[in-house]
Amino acid sequence: MALPLAESQLSPRALYQDVAERLRQQIFNRELEPGSWIDEQKLAADYGISRTPLREALKVLAVEGLVTMKVRRGAYVTEMSTEDVRQVYHLLALLESDAAAWVACHADEAQLGQLRTLHEQLEREVHQREFFFATNEAFHMQILALAGNRWQQQMISDLRKVMKLNRHHSLFKEGRLIESLEEHRAIMRAFEARDAEAVRQLMQAHFDNGLAAAAA
């Protein structure tokens, strides 16, 4: 059972944000399965809070796409269709390849060094799937941080949250971690060469291959 959230010790805004994060993690960990109905009364009791901050949190997750609100039926964890997955990968490919190309042109040596460090960590973690997942995401998010477009970052952050709903994560496929690492090596070589167009194309291909693995 989840530990109670101290409702009286937090402002209403801080409380619903805390609740939203707790719900996100339950969704990502499959404690709340895609397509499942969210029992507000039970969750409020588990969290030790009233239903008001819980409903505010559900609205936040609905905006992020993690929750679907149905009239007179309540809130459900969003379930990703094959077409949903395709559309999310398509948008991620466009946005992240654009950010990566910008970084290839404008990043200084210290900034490229930050990507190099994360890539070296990926090399060490290729046989440790959960660590590889986390470092892989950190690598992609560092590219966005270096590109410095906050609107792009926000869109991609929301898309990556939704992508975690997919039951068939691309990196779960047998051999995909090794393939992904090879793609990252090619991307890093293009970064080192300051070849923006190569970086753009390689990042696009990286997401195309991820989609193929996720849909298999």
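1. A residue is called partly exposed when its relative accessible area falls between the buried class, under 20%, and the exposed class, over 50%. Ala145 has a relative accessibility of 41%, and therefore counts as partly exposed. This residue is placed in helix α6, which spans residues 129–147.

2. The model under review is predicted. Its chain has an average pLDDT of 90, and 91% of the residues score at least 70. Among the elements, helix α5 (residues 109–125) has the highest mean pLDDT, 97, whereas α1 has the lowest, 86.

3. Overall architecture. The chain contains nine helices and two strands. Read from the N terminus, the order of elements is α-α-α-β-β-α-α-α-α-α-α. Along the principal axes, the C-alpha atoms fill a box of roughly 55 × 40 × 30 Å.

4. Burial and surface. Of the 216 residues in the chain, 44% are buried. The accessible surface comes to about 11500 Å², and carbon and sulfur atoms account for 53% of that area. Among contacts with a sequence separation of 6 or more, 74% are between residues 24 or more positions apart.

5. Nonpolar cores. The largest nonpolar core has 55 residues, of which Leu23, Ile27, Leu115, Ile143 and Phe191 touch the most other members. Helix α4 gives the most to this core, with 11 residues. A second core is separate and consists of six residues, including Leu122, Phe132, Phe133 and Leu177.

6. Which residues does Ile143 touch, not counting residues up to four places away in sequence? They are Ala99, Ala100, Val103, Leu115, Phe191 and Met203.

7. Aromatic pairing. One aromatic pair is present in the structure. The ring centres of Tyr89 and Phe207 are 6.5 Å apart and the ring planes stand at 65°, so the pair is classed as edge-to-face; the cut-off for that class is an angle over 60 degrees. Tyr89 belongs to helix α4 (residues 82–106) and Phe207 to helix α9 (residues 196–215), so that the pair links distant parts of the chain, 118 residues apart. Both Tyr89 and Phe207 are buried.

8. Charges over rings. The charged end of Lys70 sits over the ring of Tyr76, at 4.4 Å from the ring centre. Lys164 lies over the face of Phe28, with a distance of 4.7 Å to the centre of that ring.

9. Arg30 is not a glycine, yet its phi is positive, at about 65°. Arg30 is located in the loop between α1 (12–28) and α2 (40–47), and with a relative accessible area of 24% it is partly exposed. Arg72 also has a positive phi, near 60°, in a residue other than glycine. The loop that holds Arg72 runs between β1 (67–70) and β2 (74–77). Is Arg72 buried or exposed? Its relative accessible area is 84%, and Arg72 is therefore exposed.

10. His206 in helix α9. His206 lies in helix α9 and has a relative accessibility of 7%, so this histidine counts as buried. Beyond its neighbours within four places in sequence, His206 is in contact with Asn136, His140, Arg176, Ser180, Glu183, His184 and Ile187. Ser81 is 125 residues from His206 along the chain, and the C-alpha atoms of the two are separated by 21 Å.

11. Ala214 in helix α9. Ala214 is a further residue of helix α9. The relative accessible area of Ala214 is 6%, which means that this alanine is buried. Between Ala214 and Ala193 the sequence separation is 21 residues, and the C-alpha to C-alpha distance is 30 Å.

Key:
Residues are numbered from 1 along each chain as its sequence is written. This is a predicted model: local features need pLDDT of at least 70, side-chain atom pairs count only at pLDDT 80 or more; totals for chains, interfaces and linings use all residues. Side-chain values use heavy atoms; hydrogens and water are left out. Rings of Phe, Tyr and Trp (its six-membered ring) pair if their centres lie within 6.5 Å; planes under 30 degrees apart count as stacked, over 60 as edge-to-face and the rest as tilted. Helices (H or I, at least four residues) and strands (E, at least two) are DSSP runs, numbered from the N terminus. Buried means under 20% relative accessible area, exposed over 50%, partly exposed in between (1.4 Å probe, protein chains only). A charge sits over a ring if NZ of Lys or CZ of Arg is within 6 Å of the ring centre and within 35 degrees of the ring normal. pLDDT is the predictor's confidence in each residue, from 0 to 100. A nonpolar core is a set of buried Ala, Val, Leu, Ile, Met, Phe, Trp, Tyr and Cys residues joined through side-chain atoms within 4.5 Å. Contact means heavy atoms within 4.5 Å. Accessible areas come from the Shrake-Rupley method with a 1.4 Å probe; for residues, only the protein chains shown count as cover.
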